[in-house]
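Here are some notes for a colleague who is looking at this structure for the first time. Please read them beside the sequence and the 3D view.

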Amino acid sequence: MDERIQRKVEKLEQQCQKEAKEFAKKVQELQKSNQVAFQHFQELDEHISYVATKVCHLGDQLEGVNTPRQRAVEAQKLMKYFNEFLDGELKSDVFTNSEKIKEAADIIQKLHLIAQELPFDRFSEVKSKIASKYHDLECQLIQEFTNAQRRGEISRMREVAAVLLHFKGYSHCVDVYIKQCQEGAFLRNDVFEDAAILCQRVNKQVGEVFSNPETVLAKLIQNIFEAKLQSYVKDQLEEHRKSDAEQYLKNLYDLYTRTTNLSSKLMEFNLGTDKQTFLSKLIKSIFISYLENYIEVEIGYLKTRSAMILQRYYDSKNHQKRSIGTGGIQDLKERIRQRTNLPLGPSIDTHGETFLSQEVVVNLLQETKQAFERCHRLSDPSDLPKNAFRIFSMLVEFLCTEHIDYALETGLAGIPSSDSRSANLYFLDVVHQANTIFHLFDKQFNDHLMPLISSSPKLSECLQKKKDIIEQMEVKLDMGIDRTLNCMIGQMKHILAAEQKKTDFKPEDENNVLIQYTNACVKVCGYVRKQVEKIRNSMDGKNVDTVLMELGVRFHRLIYEHLQQYSYSCMGGMLAICDVAEYRKCAKDFKIPLVLQLFDTLHALCNLLVVAPDNLKQVCSGEQLANLDKNILHCFVQLRADYRSARLARHFS
């Protein structure tokens, strides 16, 4: 069995080897055949290249022969047409058939070029005829273009425009196109919107008609600016230029803004290389005569308008504005007043009027805000900081000097002297309104002026001007507040002088004292509380505490000096302690630690008026009095009715 299988395997192996040899032989034969075929292909390729070279050479030879032949044929035709002009009779179908206007245009354009090279003396007549025909065909083509545009035949327009491109009248064709585009385009009131819509429509069409669409569109835009817009702007501005500065400035700002907005929209279109400069020049050509003197008109209007707002306000108050003098005696008075705080000259009764109006301030700030906006839009960038500074100077002059400073001067003049019995202290109302106005003034400075001058040398100049005017007014506010506090103390003195009796602190019947504190104390405390509330309502921030502390210190000094005018019995001393306790309660309303401390010490001093003689030394060395000068303690003890009889001086020797 195994032998049979072995023989079969050997037989199969021999068969495989035989077939492998045969297959290898076939592969070798195929490779030889393939090499032969590849050689044939190479030979064929070389042959084809050779033939192609010959064909190209033949083509060049044919072209070299044919081109002069075509030129000769064309020259012959042109000579034929030239002879017709020479004979004076045009017989060719190309000149008589209106449908062949395109071919006629090509011929006449070439004849026209040839005629220009001919001597005038021999060919003047034929040159004239060719020129006439040239002109007639040009007119016919333009008319054909016009008719096609009216019919909306874009393909015909493109065809005629391509023919006219080589004629001198091509620019006239563009002019006709631009003129017809604008027919019926400006029927609404908004010429700027109409212009934008027209340019948008033409931008889509012009590329389909002309080979140089950007030039045609730029020419349309130039025509709109120089004809439609310039005329419209002139009509709107010249009407008010000399008669109504306010309307003139509003119209100028509005028209310039709308023109620049239109320019921004037109920037989207292809108008050539430097469209920004192109559009800027168009805008400048329209507005240059108005922008050259814009700031002078602005300042003139602002000055007149601001003066009118102020005058209208003072007229509504039936107030004749006082002249606040300068120089000479007035300067001397001002310096004396600042150094001594003396009221020079008679006090003026303002009847409670502050002569400050928030409505006036808002109107002045609104006018200035609009002026800043116009200045930003209409000023040349190089002149912007300088122009903005001039507007700011107008605001300072009319708001700060003519209105606020005048009110401060009038308010100062209206403050009564400290010994006057008048209780009309309206200066705090002036302070309150002035603070509010300062905030509005500062807000406009930061919001509307700063962006215009922030990167220029004018910034430091404006900041210094603002600082100077505020410091100048703060001096007057401080002076007025100081004199007002003096008047408050003066009023308290009058109340104490009128209401406080000597018998209050040295009653005839020591056993029959029913009151808790004196009538003078009640009235003074009521007055003080009203003034504290008024100060809080009139000021803000740290100013409240500063003024209240000053008033509190003066109030304490007044009561301290007032108490030293009387002699005190035991019961009178108790009443004085009750009065000071009430004053101390009033001092708590100030919410100033120093003021409360002063009245605490005064209250402790008043205890010296009632303490038993034997305990006097102990009380003087107590916590609240230990740090006081002995002379102060002694002075208070001397006010006791029993000072001599109880020999209290020995405690201070």
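1. In this predicted model, F505 counts as buried, because its relative accessibility is 0% and the cut-off for that word is under 20%. The ring of F505 pairs with that of Y568 in a tilted arrangement, with 4.9 Å from centre to centre and 50° between the planes. F505 belongs to the loop between α16 (458-499) and α17 (519-538), while Y568 belongs to the loop between α18 (542-563) and α19 (570-588), so the contact ties together parts that are 63 residues apart in sequence. Y568 is likewise buried, with a relative accessible area of 1%.

2. The structure as a whole holds 15 aromatic pairs, and another of them can be followed in detail. As to accessibility, F192 is buried at a relative accessible area of 4%, whereas Y232, at 22%, counts as partly exposed.

3. Aromatic residues also gather in a group here, for F555, Y583, F590 and F599 form one aromatic cluster.

4. Which residues place a charge over an aromatic ring? One of them is K458, whose charged end sits over the ring of F389 at 4.5 Å from its centre. Another is K466, which lies over the face of F445, 4.4 Å from the centre of that ring.

5. Two backbone angles deserve a careful look. Most residues other than glycine have a negative phi. F355, however, has a positive value near 60° without being a glycine, and this residue is found in the loop between α12 (328-340) and α13 (358-378). F355 is buried, as its relative accessible area is 6%.

6. R647, which is not a glycine either, has a positive phi of about 50°, and its place is in the segment after α22 (630-637). Is R647 buried or exposed? With a relative accessibility of 60%, R647 counts as exposed, because the cut-off for this class is over 50%.

7. I48 is located in helix α1, which covers residues 2-87, and it is partly exposed, with a relative accessible area of 49%.

8. How many disulfides does a search of the whole structure find? The search returns 0 disulfides. A disulfide is a covalent bond between the sulfur atoms of two cysteines. Among the cysteines of this chain, C173 is buried, with a relative accessible area of 0%, and C375 also counts as buried, at 0% relative accessibility.

Definitions and conventions
Residues are numbered from 1 along each chain as its sequence is written. This is a predicted model: local features need pLDDT of at least 70, side-chain atom pairs count only at pLDDT 80 or more; totals for chains, interfaces and linings use all residues. Side-chain values use heavy atoms; hydrogens and water are left out. Helices (H or I, at least four residues) and strands (E, at least two) are DSSP runs, numbered from the N terminus. Buried means under 20% relative accessible area, exposed over 50%, partly exposed in between (1.4 Å probe, protein chains only). Rings of Phe, Tyr and Trp (its six-membered ring) pair if their centres lie within 6.5 Å; planes under 30 degrees apart count as stacked, over 60 as edge-to-face and the rest as tilted. A charge sits over a ring if NZ of Lys or CZ of Arg is within 6 Å of the ring centre and within 35 degrees of the ring normal. A disulfide is a pair of cysteine sulfur atoms within 2.5 Å.
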